[in-house]
Amino acid sequence: MELGPDEEGQPIEVSVEDEPPGMERVRVVADLLDEAIEIPGINYKIGLDPILGILPVGGDAVSAAISLYIVAEGARMGASRDTVLKMLFNIGVDTVIGSIPVLGTLIDAVWKANERNVALLEDEFSDSV
């Protein structure tokens, strides 16, 4: 897997063995919540998060609870306090804005807090490789 350029501009190659245990699980959960279903004709993916958001109050709470698993797993893997706080902020925005009827569901489909949180973890752990 390629993560981006190092200080000399060379691509950083990281094998799955170099990742902390749990990264694959958080990717699967994030994909399920944010990008599991492709909308035909517009080449855009949504996940269960905006679909659950259609259910008043409870749907956003269930989505937030599942999203917190990614944060907990990141903390267990050794993510820094700053990274965990950024992840919690992303979920907070997703939950608060997502709870707005109709508009919140649309924003849920675009904000993709879980994909953002996986990217934060990948950035953090790629620095340590």
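**Figure 1. Burial and overall layout of the protein chain.** Of the 129 residues of the protein chain, 39% are buried (buried is under 20% relative accessible area, exposed over 50%, partly exposed in between, with a 1.4 Å probe and protein chains only). This is a predicted model, in which local features need pLDDT of at least 70 and side-chain atom pairs count only at pLDDT 80 or more, while totals for chains, interfaces and linings use all residues. Residues are numbered from 1 along each chain as its sequence is written, and side-chain values use heavy atoms, with hydrogens and water left out. The chain holds six helices and four strands. Helices (H or I, at least four residues) and strands (E, at least two) are DSSP runs, numbered from the N terminus. Along the sequence the pattern reads β-β-α-β-β-α-α-α-α-α. The accessible surface comes to about 7,500 Å², and 65% of it belongs to carbon and sulfur atoms. Such areas come from the Shrake-Rupley method with a 1.4 Å probe; for residues, only the protein chains shown count as cover. Take contacts (heavy atoms within 4.5 Å) between residues at least 6 apart in sequence: 60% of them join residues at least 24 apart.

**Figure 2. Confidence along the chain.** The mean pLDDT of the protein chain is 87. This score is the predictor's confidence in each residue, from 0 to 100. A value of 70 or more is reached by 84% of the residues. Among the elements, strand β1 (residues 2-5) has the lowest mean, 54. Helix α1 has the highest, 96. Where pLDDT is low, the predicted coordinates should not be read in detail.

**Figure 3. The largest nonpolar core.** This core has 17 residues. A nonpolar core is a set of buried Ala, Val, Leu, Ile, Met, Phe, Trp, Tyr and Cys residues joined through side-chain atoms within 4.5 Å. The residues with the most contacts inside the largest core are M23, V26, I70, M77, M87, L121 and F125. The elements that give two or more residues to this core are α1 (23-34), α3 (58-77), α4 (81-98) and α6 (113-127). Helix α1 gives the most, with five residues. What does M77 touch, leaving out residues up to four places away in sequence? M77 meets P20, P21, G22, M23, V26, L121 and F125.

Figure 4. E73 pairs with R25, and their closest N and O atoms are 2.6 Å apart. A salt bridge is a side-chain nitrogen of Lys or Arg within 4 Å of a carboxyl oxygen of Asp or Glu. By this rule the count comes to six. The pair links distant parts of the chain: E73 is in α3, R25 is in α1, and 48 residues separate them. Is E73 buried or exposed? E73 is buried, because its relative accessible area is 7%. R25 has 43%, so R25 is partly exposed.

Figure 5. R27 counts as buried because its relative accessibility is 18%. E19 is buried too. E122 has 22%, so E122 counts as partly exposed. A network of salt bridges links E19, E24, R27 and E122.

**Figure 6. Positive phi at N43 and K112.** Both views show a residue other than glycine with a positive phi. Phi of N43 is near 55 degrees. N43 lies in the loop between β3 (37-39) and β4 (44-46). Its relative accessibility is 64%, so N43 counts as exposed. Phi of K112 is near 50 degrees. K112 sits in the loop between α5 (103-111) and α6. K112 counts as buried because its relative accessibility is 9%.

Figure 7. Which residues make the nonpolar surface patch of about 300 Å²? L32, I37, L48 and I51 make it. Patches consist of residues with over 30% relative accessible area and no salt bridge: like charges are joined within 9 Å, nonpolar side chains (Val, Leu, Ile, Met, Phe, Trp, Tyr) within 5 Å. I51 is found in helix α2 (residues 48-53). I51 is partly exposed, because its relative accessible area is 37%.
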